[in-house]
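Here are some friendly notes to go with the model you are looking at.

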Amino acid sequence: MATCNVGADNPWEYGKYFAWGETEGYYSNSGHVFDFTTYKFGDEENITKYNVSDGKMTLDAEDDAANANMGGNWRMPTETDFNELIGNTNYEWIEDYKGTGINGGLFTSQVNENTLFFLSAEHWTSNRRTVWDPLQVIRSVIDSAPWLYGDDDDRADGKCVRGVLDA
């Protein structure tokens, strides 16, 4: 998994925000509005792709923000990728990561001690109806609640993307 979000230079930066299935991202200060008036695949009443009719539950490569922005074998993570991250790391909630003022989750490999920091922000998966939030991980431990959530109403919202490199 990449060490930074798409469009970020450091793990504590949000990077660009993307609507689900869109490959053009925007920084928070861009003035771009994330809602169904600007969404590539229609509005709330008429979703044109990844809908009930086509039955697609996972993004095609041409609609993958990580692949479009990072190239090569980079892609957006699946729900399974995030479950593997959780299952193979030790998780710690960090306040003021490295003096940046940013809070988030630090994941340390149980195999080689490598770490990944995810700032507390929602991240898209490539699976329809799922987003990932490191804050939800700690909440799920405390409350035994699921940490992957979302629905089709969320897909026009701007969220972060973290790339995964396929070997």
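1. A word on terms comes first: helices (H or I, at least four residues) and strands (E, at least two) are DSSP runs, numbered from the N terminus. Please keep in mind that this is a predicted model, in which local features need pLDDT of at least 70, side-chain atom pairs count only at pLDDT 80 or more, and totals for chains, interfaces and linings use all residues. Residues are numbered from 1 along each chain as its sequence is written, and side-chain values use heavy atoms, with hydrogens and water left out.

2. The overall layout: the protein chain has three helices and 10 strands. Read from the N terminus on, the order of elements is β-β-α-β-α-β-β-β-β-β-α-β-β. Of the 167 residues in the protein chain, 44% are buried (buried means under 20% relative accessible area, exposed over 50%, partly exposed in between, with a 1.4 Å probe and protein chains only).

3. Lys98 lies in the loop between strand E4 (89-94) and strand E5 (104-109), and its phi is near 50°, positive although Lys98 is not a glycine. Glu113 sits in the loop between E5 and strand E6 (115-119), with a positive phi of about 70° in a residue that is likewise not a glycine. For context, most residues other than glycine have a negative phi. Lys98 counts as exposed because its relative accessibility is 63%; Glu113 is exposed too, at 59%.

4. Which residues of helix H2 (residues 79-87) are buried? They are Asp81, Phe82 and Leu85. Seen down the axis of H2, these buried residues fall within an arc of 95°, so they line one face of the helix (the arc is that of the directions from the helix axis to the C-beta atoms). As a reminder, an α-helix has 3.6 residues a turn, so residues three or four places apart point the same way.

5. Around strand E1 (residues 42-43), Asp43 is a member of the strand, and Asp43 counts as partly exposed because its relative accessibility is 37%. Lys40 lies in the segment before E1 and is also partly exposed, with a relative accessible area of 43%. The C-alpha atoms of Lys40 and Glu22 are 6.7 Å apart, although these residues are separated by 18 residues along the chain.
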